[in-house]
Amino acid sequence: MYEYARTDMPISFPGLFGDWSINPSPVAIPIGNGVRWYGVIICAGLILAVLFCCRQGKKYGITEDNIYDMMIWQIPLCIIGARTYYVLFNLDFFRQSDGRLSFSKMVAIWDGGLAIYGAVIVAFLVLLAFCKRKKISFGAFADLGVMGLLIGQAVGRWGNFVNREVFGGETSLPWRMRVWVSASEYIEVHPTFLYESLWNLAGLLLIVFIISRARTFDGENTCCYFIWYGTGRTWIEALRTDTLKLFGWELFGQPIRVSQLLSVILVIAGLTVLIINKRKHPHGQETLFVNRQAAPAAEETVPAAASDNGESQGGE
């Protein structure tokens, strides 16, 4: 089974568009090692995510300054986390002929090799530390942040399309994607990058228009994110050919796919926390961070208004 395709050959969807094809270069600007479309698309997803969160922040009691301050820490640390996760579960690729690990290859991020779950894990750890220091509700900020995550993930997967990577096994479905593995040989595969992009987009719409409007506790969007993304990633990961394995361990005679295992764990954890908190907060939104912030301000406004009214009546 092929795991990689050539990056200098056309991509097509013969079941949908016949002979029409596209042949994008992975390199957007040929300077130095090259500014790659993958990085450009990831940056575009990040910018869209931050702008969206800034517009939605007031609904969660989070200011734009909070978002920008937190991103200063998250961006570099999440890149490190994404790379570390990829290297940790792909160690054989970074070994030299004598069996030792090559540090230069491990840090050569420009050659590719990032794992979204590594970034997600670090993002939540950084957010937890940030919220504790700033005395902000972690659940509220996370509820805002997961919508940005879904935007970034939905957009970012198109960088995989340009790189001809993150595809699944061979299929004859109408939406199959044709990629070339040599100058004369092609395969037609599941476009799993597209599956995940659309799944994330659907999850974003679900949270924005349904779940967030009925929140009864801070962290509810976050639970639903883990359930939704974990469920989708579980079945999509099963289709992929380039998935990371868990140190060669097997279950029922099959290698354990690390991201698939983590997805199942996150789904279970998300469901457990959601059920427990829904029982604690079945109705009302008075415990939400944004409403707890608004309550003192409202209490201060009422006496001030009453005082102004009394002064007005005395003047008459």
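**Figure 1. Lysine 135 in the loop between α5 and α6**. In this predicted model, lysine 135 counts as exposed because its relative accessibility is 74%, above the 50% cut-off. The residue lies in the loop that joins α5 to α6. Its backbone is also marked by phi: lysine 135 has a value near 60 degrees, positive although the residue is not glycine. Most residues other than glycine have a negative phi.

**Figure 2. Arginine 164 and its contacts**. Arginine 164 is found in the loop between α6 and β5, the latter spanning 177–180. Its relative accessibility is 3%, so arginine 164 counts as buried, the limit being under 20%. Residues up to four places away in sequence aside, arginine 164 touches Ala5, Arg6, Thr7, Asp8, Met9, Ile11, Asn23, Pro24 and Pro26. Proline 10 is 154 residues from arginine 164 in sequence, and the two C-alpha atoms are 9.4 Å apart. Phi of arginine 164 is near 55 degrees, again a positive value in a residue other than glycine.

**Figure 3. The second largest pocket and its lining**. The volume of the second largest pocket is about 330 Å³. Its lining is made up of 19 residues, and those nearest the centre are Phe124, Phe138, Thr222, Cys223 and Phe226. Two or more lining residues come from each of α5 (116–134), α6 (138–163), α8 (220–239) and α9 (258–280). With six residues, α5 gives the most to the lining of this pocket.

**Figure 4. Serine 212 in the loop between α7 and α8**. Serine 212 has its place in the loop between α7, which covers 192–211, and α8. A relative accessibility of 16% means that serine 212 counts as buried, since the value falls under 20%. Leaving out residues up to four places away in sequence, serine 212 touches Tyr60, Ile207 and Asn221.

**Figure 5. Isoleucine 31 in the loop between β3 and β4**. The loop that holds isoleucine 31 runs between β3 (27–29) and β4 (35–36). Isoleucine 31 counts as exposed because its relative accessibility is 57%, over the 50% cut-off. Leucine 246 is 215 residues from isoleucine 31 along the chain, and a distance of 36 Å separates their C-alpha atoms.

Figure 6. Among the 316 residues, 43% count as buried. For contacts with a separation of 6 or more, 69% are accounted for by residues 24 or more positions apart. The accessible surface amounts to about 17500 Å², and carbon and sulfur atoms hold 64% of that area. There are 27 positive and 26 negative side chains, with the centres of the two sets 4 Å apart.

Note on methods:
Residues numbered from 1 in each chain as written. Predicted model: local features only at pLDDT ≥ 70, side-chain atom pairs only at ≥ 80, totals over all residues. Heavy atoms only, no water. Buried < 20%, exposed > 50% of the residue type's maximum accessible area, 1.4 Å probe, protein only. Contact = heavy atoms within 4.5 Å. Areas by Shrake-Rupley, 256 points an atom, 1.4 Å probe, with all protein chains shown as cover. Lys, Arg positive; Asp, Glu negative; His and termini not counted. Charge placed at Lys NZ, Arg CZ, Asp CG, Glu CD. 1 Å grid on protein atoms, 1.4 Å probe; cavity = no way out; pocket = protein on both sides within 12 Å on 5 of 7 lines; lining within 4 Å. Points joined across faces, edges and corners; volume = space filled by probe spheres on them. Helix = DSSP H or I, 4+ residues; strand = E, 2+ residues; numbered from the N terminus.
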